[in-house]
Amino acid sequence: MQSAPLRCLVVYCHPVPESFCAAVRDTALAALSDRGWEVRLVDLYAEGFDPILSPEERRNMDRAPTDPALAPHIENIRWAQAVLFVYPTWWYGLPAVLKGWLDRVWATDVAFTLPPDGGRIVSLVSHIRKIGVITTCGASPWISFLMGQPGRKTILRGMRALCAPAARTLYVAHYNMDSSTAESRAAFLGKVKSKLTRF
């Protein structure tokens, strides 16, 4: 009996439609579709996602967000069995819009619950079995490592901790992006396709 296709949410964050990140996104979408996965794309800049956490949201972080604009994003999280992030690394971390998406969407009663007695948080996203990052970095691998790769750690340590206990992770980065060449970019797209074939 053939297993059902995996449901993958691709979260894309870049303000420039013709950026290299857009080519990375398209390569990733094609690779996942070729595997027969069911894919949904969230393009944060294209949809004008508001990353700002309002005072009212902050005051009520002990319950699920009520902003209607977040409803489809919350539904996507509940639907997904895999989440793949495609974004540029800026200042060694996540773009502000993507960080705001995490703040507003991976929220109480969406990604986790907070026990009233102050005990350990309880995951609500243990159905997510794979979580990955494909990114571009202006810095070299060595400098990125020296700075601690905060963006990578936020997603592949912090967020993964809420996912399935044996959740697989993926991290693919084109370093030295500021001095990239047509050859290095083409090779990276090939690497993305290859990695996602096995992810």
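This is a predicted model: local features need pLDDT of at least 70, side-chain atom pairs count only at pLDDT 80 or more; totals for chains, interfaces and linings use all residues.
**Notebook: rings and their partners**

I started with Phe199, which is buried at 3% relative accessibility (buried means under 20% relative accessible area, exposed over 50%, partly exposed in between, with a 1.4 Å probe and protein chains only). Residues are numbered from 1 along each chain as its sequence is written, and side-chain values use heavy atoms, leaving out hydrogens and water.

Next I checked what sits over the Phe199 ring, and found Lys130 over its face, 5.4 Å from the ring centre (NZ of Lys or CZ of Arg within 6 Å of the centre and within 35 degrees of the ring normal). Arg152 lies over the face of Tyr171 too, at 4.1 Å from the ring centre.

Then I looked up ring pairs and got four aromatic pairs (centres of Phe, Tyr or six-membered Trp rings within 6.5 Å; planes under 30 degrees apart are stacked, over 60 edge-to-face, the rest tilted). Trp37 and Phe199 make a tilted pair, because their centres are 6.4 Å apart and their planes at 50 degrees. The two are 162 residues apart: Trp37 is in the loop between helix H1 (20–34) and strand S2 (38–43), Phe199 in the segment after helix H7 (182–198). Helices (H or I, at least four residues) and strands (E, at least two) are DSSP runs, numbered from the N terminus. Trp37 is buried as well, at 11% relative accessible area.

I also noted Phe85 with Trp101, an edge-to-face pair at 6.1 Å between centres and 75 degrees between planes. Phe85 lies in strand S3 (residues 82–89) and Trp101 in helix H4 (residues 96–105), so this pair ties together parts 16 residues apart in sequence. Both Phe85 and Trp101 are buried.
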